Every structure is written in C-alpha cells, then in structure tokens.
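Hi,

Here is the structure I promised to pass on. Have a look at it first, and my notes follow below.

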Amino acid sequence: MKKLVAYITSGYPEKSFSIDLALSLGNNGVDTIELGVPFSDPVADGALIEKANHKALELGFKFKDLLDISKETAKSVDTLWMGYFNSFYQQNMQLLIPKAKEMGVNGLIIPDLPHEEALLYKDLFEQNNIANISFVAPTDSPQRIKEVVRDAKKFIYMVAYTGITGSGKAEDLQPFLSSIKQYTDTPVYVGFGVNAKTAKEKITGADGVIVGSAFIEILLDQSTSYTQKIDRCSELAKILKNEIN
Amino acid sequence: MLKKIVLAVVVLLVIAGGVLFTLNGKDNYDATKYSANVSNGLNIGSKVSFVLPDQFDKTHKVDSNAKTIIFSFAKSTGHTIKAFLSKEPKEYLPSRGAFFIADISPMPVVIRNTFALPDLKKSPFSVLLIYDKNIAKQIKNDKNADKITIVRLNDGEITDIKYITTQEELKKALN
C-alpha cells in the first residue's frame, strides 16, 4: 500500500481545529501528518502555504501550540514536524528533540537545513529515534544524492517538480527516481505539485506522496465552516489514497 | 581532559561539516561568467547592461537590445510575474524586447538548489537570475523591494521606472 502524507499548518485557523483535522485525516487514508510550524518567511513553500503560515502567526500561534497539537495527534496518527530551522533552533535542539520524542513525534522535516549541517545533529536524532527527513531534488548531482540518502531514515522526500528541459521538453522524473533507488532501500515519497489530478502520475515508481497546498487551499476558503473544511479535506484524502493505490 | 576531547571532536565535526557543505552544497554558478554594468543604480539616466544565466543555465546578454526589464526582488513579486507570464505565449517577452530578471541572491543555497531552481524550470519562459549579492546591491532599492520594478530603456539607458504590484498593472506596463 502506497503512503499518503498530508501537510497542515499548525494552529490555522486554531489549535483545536488542527487536532480535529489531523485526526479526521488519519481516519480517512492519511498515513502521516506533517504538522507545519508557522514561519514568517517559509522560503521553500508556495504562495498558499505561505499565506496560511502568515495567518497562523497573525492569529497568535506559539510553539507551545505545536506541542499541544502533537500530543493529541501522535496518539492516533504518525506525526512529523515540518518547519524552518530557526523555529527549532530557537527552542534548543538538545532539549527539543527529546521533547518531540516525548510528544510521540517520529520525525522532523527541515527544508533549510542542508544535509551537511544536519550531520551535526545526527547522534541527537538517532539517540531519540527521531528521523530527520532527507530531501533530494532533480538539481542534485549523483554524488550528492548518494551522500544524502546514505543517512536517510523513514523516507526520502523527493522534490518532484515536473519541470521542462532547456529544449522545452517535459522533464521525465523516472530516471531521477531510479538514481535515488539505486543507492537506498529507504522509501521515496514525492512532494511538491501533488494533488488529486497529479497524484496518479507522480506516484509512479515512488512509495508515497506528500500533499500540502491542496489541503491548505481548502483551509483558506473563507466561505466554508470548520466542519465543512474538515469534511472536504477528509474527502480529498480518500481520493488521493485511492489515486495512488 | 575529557572536556578537551569533546571540544576537539565538536570542532572537527564543524570543520568536516563545513568542508562537506562546501563540496556538496555549492551550485554550478560561475561568478566569472556573469556581470552587471550599472552606472547609477536603477535611476533614470543610468546606463545598464547585464550578462546573466537563466534557470536552464543559458547565458543572456541584456544591453541595448532591451526595451523593458522586469525586476523581482522578492518571492511574492516573482510569483505574480510568473503567474502572469505562464498565461502568455513563450515569445511574449522576446517579442517586446523585454527581460524578466529575478534576484535570488538572498536565498540559502540549499533552498535555491532544492526548491527554487526546480520550480523555476517549470516555466517555459526565461527567468534571468541574479545569484550574486554584489550584482543585486547595484540595483536593489530596498524601499520598493516588495514591488515589481519595471524599467524602460533606450539604447541601454533608463528612461522610466515604475513600481507595481498586480498582474493587471504588469499587463498594462508591457502593452
């Protein structure tokens, strides 16, 4: 069974909503919840997630909210934290990683922490059995891919922008996926640009998909109630799970 | 004694991390190949020319051939410009003697290489990229960095500058 990871912005629109949403997603096909830590400059994210980040901060998100949400979600669904390094660093990594373990969190996704710098925290992650999810992108050299995936835990986050080549032809991600798999048995999940329309195509050769903006778009819809947002996200989760399997 | 050993190990780890980062975190950007000649910033009367790579590493010369340059110094303005151009034919900018230049110099290398460049490669039109902070500082106006900058040129000299925010304004400026 191929896996579905759903990103949600923690605390948007409020803490209790995030808990209800995560639990509902867990009951509707989502294998792993990525709890996004709102950040003022989420440089790796697109416009929708950036907007949700800013709104969550405007609504008064505090790091403690993430802990409260995680404590509840991790009881029922595999839970990860996704955030920018400064958010975690400010909490003191030596204290935070054991805290994550205590909350039941199984891993961290930190897009702006290069693999080479993450090595400084390798022992800390391993001692607490917390995965530091590795990213690979089509722009990475084979040498770098080999280096990055060697230490990969839980899954590898493959940045799956289907770009075009300089000659204008659609880029084929399959050779890239194969190049990752030749170095590792760790599952490869594809993210970025995955939605109900693209999931079937993006999952080809991969072990899972990561979906963010498609859920956040529903959350940002001002015309729906909290219950409707949860229902629509849960319906989307079912569709996505069906598409990838 | 134990403290000294621990400290030495930490220092070695930091150095090793730095070396690895230098080896693996670098990009293909070759600063010697690209340049900017700007006589007086982005101001009317200033003479400007650029040699810059696009997202596919193709080199572009922007000199007396340019009638209009669209500058983006922030992610949000980049999104607006990309959203507008993605609805237009690939030749939309060249047919107007226009160039789109995006300043990506403030981005951490890992973000640039892992997320921004793959994302930019989705666009069929050329986005000329400023990787180098030394080039960016010659033209960046911090006061208006959150706006799209439209520069009109005549034979390489700036004749008009506008700061805009929306796709509608961009369309108007390019027509």
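Helices (H or I, at least four residues) and strands (E, at least two) are DSSP runs here, numbered from the N terminus. This is a predicted model, so to say: local features need pLDDT of at least 70, side-chain atom pairs count only at pLDDT 80 or more, and totals for chains, interfaces and linings use all residues. Residues are numbered from 1 along each chain as its sequence is written, while chains are lettered from A and ligands numbered from 1 in the order in which they are written.

Chain A to start with. A:Leu236 sits in helix 12 (residues 226-244) of chain A. It counts as buried because it has 22 C-beta neighbours inside 10 Å (buried is 20 or more other C-beta atoms within 10 Å of a residue's own, exposed is 12 or fewer, partly exposed is in between, and C-beta atoms are placed from the backbone). Leaving out residues up to four places away in sequence, A:Leu236 touches A:Ala196, A:Ala214, A:Phe215 and A:Ile218; contact here is C-beta atoms, placed from the backbone, within 7 Å. A:Ser24 is 212 residues from A:Leu236 in sequence, yet their C-alpha atoms are 11 Å apart in space.

Next, a helix pair. Helix 2 (residues 47-58) and helix 11 (residues 213-220) of chain A pack at about 50°, with axes 9 Å apart; axes are lines fitted to C-alpha atoms, for helices over the stretch in contact, and angles run from 0 to 180 degrees between N-to-C directions. That angle makes helix 2 of chain A oblique to helix 11 of chain A (under 35 degrees is roughly parallel, over 145 roughly antiparallel, 65 to 115 roughly perpendicular, and the rest oblique). On the helix 2 side of chain A, the contact is made by A:Leu48, A:Ile49, A:Lys51 and A:Ala52, and on the helix 11 side by A:Ser213, A:Ile216, A:Glu217, A:Leu219 and A:Leu220.

Now over to chain B and its sheet. An open sheet of 5 strands runs in the order 6-5-4-7-8 in chain B, with mixed pairing; strands pair if DSSP finds at least two bridges between them. Strand 6 (128-130) and strand 8 (157-164) of chain B are the edges, each pairing on one side only. Strand 4 (residues 68-72) and strand 7 (residues 148-154) of chain B pair in the antiparallel sense over 4 bridges, and B:Ile69 stands opposite B:Val151 in strand 7 of chain B.

What lies across strand 4, strand 5 (98-103) and strand 7 of chain B? Helix 2 (residues 75-85) of chain B does, running at about 135° to strand 4 of chain B. Its buried residues are B:Lys75, B:Thr77, B:Gly78, B:Thr80, B:Ile81, B:Phe84 and B:Leu85. Their cover includes strand 4, strand 5, strand 7 and helix 5 of chain B.

- A cis peptide bond, omega about -5°, joins A:Tyr12 and A:Pro13; A:Pro13 is in the loop between strand 1 (3-9) and helix 1 (15-26) of chain A.
- A:Lys154 has a positive phi of about 70° although it is not a glycine, and it lies in the loop between helix 8 (142-150) and strand 7 (156-159) of chain A.
- B:Asp57, also not a glycine, has a positive phi near 65°; it is partly exposed, with 14 other C-beta atoms within 10 Å.

Cheers

Definitions and conventions. Two residues are in contact if their C-beta atoms, placed from the backbone, lie within 7 Å.
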